[in-house]
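Here is a short briefing for a first look at this structure. Have the sequence and the 3D view at hand.

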Amino acid sequence: MSEILSVRHLSVTYTDSTPTIPAVNNVSLSIHDREIVGIAGESGCGKSTLINAILQLLPDSIVDMEGDVLLNGQNLRTLDRESMRRLRWMKISLVPQSAMNALNPIMTIEEQMRRIMEAHWEAARPGEIVARIDETLEMVNIQRQYKKLYPFELSGGMRQRVAIALALALRPDVVVMDEPTTGLDVIVQRGILMEIKRLQKQLGFAVCLVSHDMSLLIELAQTVYVMYAGRIIESGPSRDIYRQGRHPYTRGLIACFPPLQGSQRTVEGIPGSPPDLGQLPPGCAFHPRCPQAIPRCTDQSPSLVNVRPQHAVACHLHTPDIPSDLVEASHDRA
Ligand code: ATP
Ligand code: SF4
């Protein structure tokens with residue numbers, strides 16, 4: 001599979017607050033053709049900032065950015081606003097957080113879809129936009145007559161499907177979804193997620209799926225990146241992350257969510273909450289919450305290192321020079 005989106009050493013600092021907030025710190029990730037990649041982490045870990053930075057949606061007036069974002073080899077960071085506007089929706093699109101509330105309340109579904117398509121699909125032939133609206137709504141299981149309705153006339157689940165239809169209307173190569181089913185009940189959530197998987201197979205786009213729900217990501221994504229305090233702290237194939245996730249935070253996140261399939265088990269939370277990104281603790285940012293912390297965790301920040309060819313972890317317990325007695329003692333505490 002060829003690489004379609006490549007994020008290289010991306011850092012984002014909010015400069016509109018005092019102290020400044022380093023919300024994304026040296027993040028690198030890859031998304032391949034037709035791949036579903038998951039980004040996991042609790043609220044406040046920097047996930048939305050990361051995807052807004054990928055889509056170049058953060059104004060220079062509030063952030064400092066470093067690093068590169070390559071879409072099909074083109075560096076989005078070097079594009080001017082107009083060039084980036086042309087790419088959005090056509091090549092890369094977003095289903096934003098609370099998408100169902102992001103629809104324009106005073107426009108019918110058809111009008112909203114038509115406006116976006118007219119603004120971005122310059123080569124459309126007469127009738128093509130209308131046909132595409134109907135086709136895309138049907139793909140997300142919304143009958144075409146509903147396009148005449150306003151968002152408030154639809155249920156939450158249907159509004160969410162419309163938001164997904166908007167993102168897919170121009171058949172982009174990559175669709176970024178920020179918590180696409182938050183706020184919906186579990187059954188509706190599951191239906192929508194299965195549909196995303198079906199559509200992804202049918203249309204062949206790549207997905208960057210952001211969620212705090214690890215079991216959902218493990219079920220849908222081929223590759224998962226786990227974020228904590230603005231950094232990637234573990235990444236790898238989702239089956240390896242699920243069965244052999246090594247970072248104590250990853251294990252904690254997995255324990256927080258019951259598996260979507262298979263046997264039920266007790267759900268445990270991670271004690272404490274993510275740190276204030278403006279005042280990160282020294283050393284490993286997870287150390288105040290980590291049941292396995294060892295002395296060096298309080299003053300040395302662990303680097304992301306490969307533990308297997310495609311599986312990387314940032315945790316002192318998984319560095320080659322760590323004495324085995326320290327590791328065993330830490331496991332006893334976990
Ligand atoms: P959530 O799922 O709740 O959105 P998240 O993991 O996506 O959480 P972000 O929304 O990216 O995290 O927020 C990361 C950090 O950046 C938080 O500490 C947040 O307060 C801070 N932040 C977000 N937007 C701004 C802003 N405009 N100015 C200053 N800080 C901001
Ligand atoms: Fe826990 Fe230390 Fe590993 Fe951080 S580096 S996750 S504190 S053991």
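**The ligand shell and one strand**

β2 (21–32) and α1 (47–54) each supply at least two residues of the shell around ligand 1. Helices (H or I, at least four residues) and strands (E, at least two) are DSSP runs, numbered from the N terminus. This is a predicted model: local features need pLDDT of at least 70, side-chain atom pairs count only at pLDDT 80 or more, and totals for chains, interfaces and linings use all residues. Residues are numbered from 1 along each chain as its sequence is written, and side-chain values use heavy atoms, with hydrogens and water left out.

**Ligand 1**

- The largest share of the shell, three residues, comes from α1.
- The shell around ligand 1 has 16 residues, and Asp16, Ser43, Gly44, Ser48 and Thr49 are the closest. A residue is near a molecule if one of its heavy atoms lies within 4 Å of it.
- A polar side-chain atom of Ser43 lies 2.4 Å from an oxygen atom of ligand 1.
- A polar backbone atom of Gly46 is 3.0 Å from an oxygen atom of ligand 1.

**Strand β9**

**Neighbours of β9**

- Strand β3 (residues 36–40) pairs with β9 in the parallel sense over four bridges. Two strands pair if DSSP finds at least two bridges between them.
- Gly38 stands opposite Val224 in β9.
- Strand β10 (residues 231–237) pairs with β9 in the antiparallel sense over six bridges.

Notes: Chains lettered and ligands numbered in written order. Polar contact = N/O pair within 3.5 Å; in protein donor to acceptor, adjacent residues only side chain to side chain.
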